[in-house]
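Subject: Structure handover

Hello,

Here is the structure for you to look through. My notes follow below it.

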Amino acid sequence: GNVTVLPASSDSGFNEAVIAWTKQKEMKRGFAVYLAELYTRNLVSQTTMLGIVSVVLDDLRVSVKTPKTSAVEEHVDALARFLFAVAKKVPIRKSVADILSVPRPECPSLNMKSRFCLEDAAKASSE
């Protein structure tokens, strides 16, 4: 729910916002990688892992169709990066392909960076 968005570079709090934004990105990416490693070592059950991925996919399906704002685009990017981080461990190819098949005008919050990340996740998926 708490998404850090970069303000204009002329904003007085720009430097602090860049630091917060970078920390937020690294924390989210780190969580996904850590969770994937726990799953690989059987410390997180398949049921739990697939449940988490299902929640992320459901959130992504809704979020990409949400009207475009900086915060929503940042959220979509975080979800895409999560899916990319776990793609080699869980079968997500079909679900991601279904999201990518939605016509672009219906997905205002799915920018090209996130789209490419999802395409890479689908290619890397364990399916």
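Where is the place of V33? V33 sits in helix α1. Helices (H or I, at least four residues) and strands (E, at least two) are DSSP runs, numbered from the N terminus. V33 is partly exposed, with a relative accessible area of 35%. For that scale, buried means under 20% relative accessible area, exposed means over 50%, and partly exposed lies in between (1.4 Å probe, protein chains only). From V33 to F84 is 51 residues in sequence and 9.5 Å in space, C-alpha to C-alpha.

Some ground rules. This is a predicted model, where local features need pLDDT of at least 70, side-chain atom pairs count only at pLDDT 80 or more, and totals for chains, interfaces and linings use all residues. Residues are numbered from 1 along each chain as its sequence is written, and side-chain values use heavy atoms, with hydrogens and water left out.

Confidence comes next. pLDDT is the predictor's confidence in each residue, from 0 to 100. The chain has a mean pLDDT of 88, and 93% of its residues reach 70 or more. Helix α1 (residues 14-40) has the lowest confidence, at a mean of 82. Helix α4 (residues 93-100) has the highest, at 96.

Now the core. A nonpolar core is a set of buried Ala, Val, Leu, Ile, Met, Phe, Trp, Tyr and Cys residues joined through side-chain atoms within 4.5 Å. The largest one has 31 residues. V53, L60, F82, L83, I92, V96 and L118 touch the most other members. Helices α1, α2 (46-63), α3, α4 and α5 (112-124) each supply at least two residues of this core. The largest share, 7 residues, comes from α3.

Look at L60 up close. Contact means heavy atoms within 4.5 Å. Leaving out residues up to four places away in sequence, L60 touches V76, L79, L83, I99 and L118.

Is S125 buried or exposed? S125 is buried, because its relative accessible area is 5%. It is found in the segment after α5. With residues up to four places away in sequence not counted, S125 touches A87, V90, P91, I92 and R93.

Best wishes
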